Amino acid sequence: MGFPADVRIVEVGPRDGLQNEKIDIGTAHKIELIDRLSKTGLRSIEATAFVSPKWVPQMADAAEVLAGITRAPGISYPVLVPNEQGYERARAAGAAEVAVFTAASEAFNLKNTNATVAQSLDRFRPVLERAHADGVRVRGYVSTVLGCPYQGEVPLADVVRVARELHAMGCYEISLGDTIGIGTPVKARAMLQAVAAEVPMAALAIHFHDTYGQALANVLACLEEGVAVVDSAVSGAGGCPYAKGASGNVASEDVVYMLHGLGIRTGIDLPLLAETGRWLAALLGRDTGSKVGKALGA
Ligand code: HMG
Ligand code: MG
């Protein structure tokens, strides 16, 4: 299998990044971040999460963020929903795409959503039914695909089963998340191969966190398998609640630089994306988490 000719980046900085940052940049800056990202050529920008504000206070302003952004044509702005209540809030705020999330590890899912994996899948069924009736697209996430902070090893069979169930339920795309950024390339490739044996590659996305500095290598290994959707966060925003001081998602700028270097099209204006990353880093009071962003800004 060769590299795909085009890759779609799903920019998760405004959600996955900011949910893990200690500094809250405020609603107006969240809106400005998404509006700036909308000008870079990105086609998918995960805007926020309609989860319980008691669980994730950083996303309490989800409705204001969604109402405040300028939606550009051709760009999708998915939002996370954990249950029907989240779906209702998201729809009331005008969301046209949502994402449901569960895990391959029981222990992680209980800590993250207070539900077993089976219970979370049961919560999603009515969400999928309503979304289908409303013409709303649903993305699905599987977390802890390469390891769990509580349970350790995660059997591949569990990853495959959960991905298959989300796909069978009607999720158009399944994002495979190395939530704690523990994976290495050969394991990442084997995981993707195992899932792709049951779910079409065209319906799969990869989602790497850079906790151990392996994310870009993992992305490359998976591109070689033919995956064509990559989740990443501008400026490498975020962190990991399970590893103090850890990096966040793989930086979008670094992924785009690598993709362009491989001759893969993204449609993204890299200098503009990098500038946005440095602007965000300044708001967060630190250096950009993207090596490319740093180099282009020098
Ligand atoms: P629970 O406490 O079991 O929920 O939480 P509940 O149904 O018993 O309700 C308790 C209270 O929460 C009630 O309020 C509900 O109204 C409220 P009260 O009566 O006490 O005032 N509530 C809500 N409020 C707003 N929006 C909602 C909602 N639902 C209930 N949607 C629940 C269960 C799932 C809600 C909670 O555990 C939760 O919100 N978890 C979200 C955790 C989260 O967002 N984690 C981060 C995202 S996942 C991730 O980052 C991984 C990913 O990036 C991929 C990867 O890297 O692997 C996607
Ligand atoms: Mg994540």
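Since the model is predicted, local features need pLDDT of at least 70 and side-chain atom pairs count only at pLDDT 80 or more, while totals for chains, interfaces and linings use all residues. Side-chain values use heavy atoms, with hydrogens and water left out, residues are numbered from 1 along each chain as its sequence is written, and chains are lettered from A and ligands numbered from 1 in the order in which they are written.

Let me begin with the sheet. The nine strands form an open sheet, in the order β2-β1-β9-β8-β7-β6-β5-β4-β3, with parallel pairing; strands here, like helices, are DSSP runs numbered from the N terminus, with at least two residues of type E for a strand and at least four of type H or I for a helix, and two strands pair if DSSP finds at least two bridges between them. The edges are β2 and β3, the latter covering 48–49, and each of these pairs on one side only.

Glu 11 takes part on both sides, with Ile 45 as its bridge partner in β2 and Ser 232 opposite it in β9. Are the faces of β1 covered or open? Both are covered, with Arg 8 and Val 10 buried on one side and Ile 9 and Glu 11 buried on the other, where buried means under 20% relative accessible area, exposed over 50% and partly exposed in between, using a 1.4 Å probe and protein chains only.

I now move to β6, residues 137–143. Because six of its seven residues are buried, β6 is largely enclosed by the rest of the structure. Seven bridges join it in parallel to β5, residues 97–103, with Val 100 partnered by Gly 140 and Phe 101 opposite Tyr 141.

Leaving aside residues up to four places away in sequence, Ser 143 touches Thr 102, Ala 103, Ala 104, Phe 108, Gly 177 and Thr 179, contact meaning heavy atoms within 4.5 Å. His 207 is 64 residues from Ser 143 in sequence, and their C-alpha atoms are 8.9 Å apart.

Two arginines meet rings. The charged end of Arg 137 sits over the ring of Tyr 172, 3.8 Å from its centre, and Arg 139 lies over the face of Tyr 141, at 5.4 Å from the ring centre; the rule asks for NZ of Lys or CZ of Arg within 6 Å of the ring centre and within 35 degrees of the ring normal.

Finally, the helices. The axes of α2, residues 27–38, and α11, residues 270–283, come within 10 Å and cross at roughly 170 degrees. That makes α2 roughly antiparallel to α11, since angles over 145 degrees count as roughly antiparallel, under 35 as roughly parallel, 65 to 115 as roughly perpendicular and the rest as oblique. Axes are lines fitted to C-alpha atoms, for helices over the stretch in contact, with angles from 0 to 180 degrees between N-to-C directions. Among the residues that meet are His 29 and Leu 33 in α2, and Trp 279 and Leu 280 in α11. Helix α9, residues 215–224, lies across β7, β8 and β9, running at about 165 degrees to β8.
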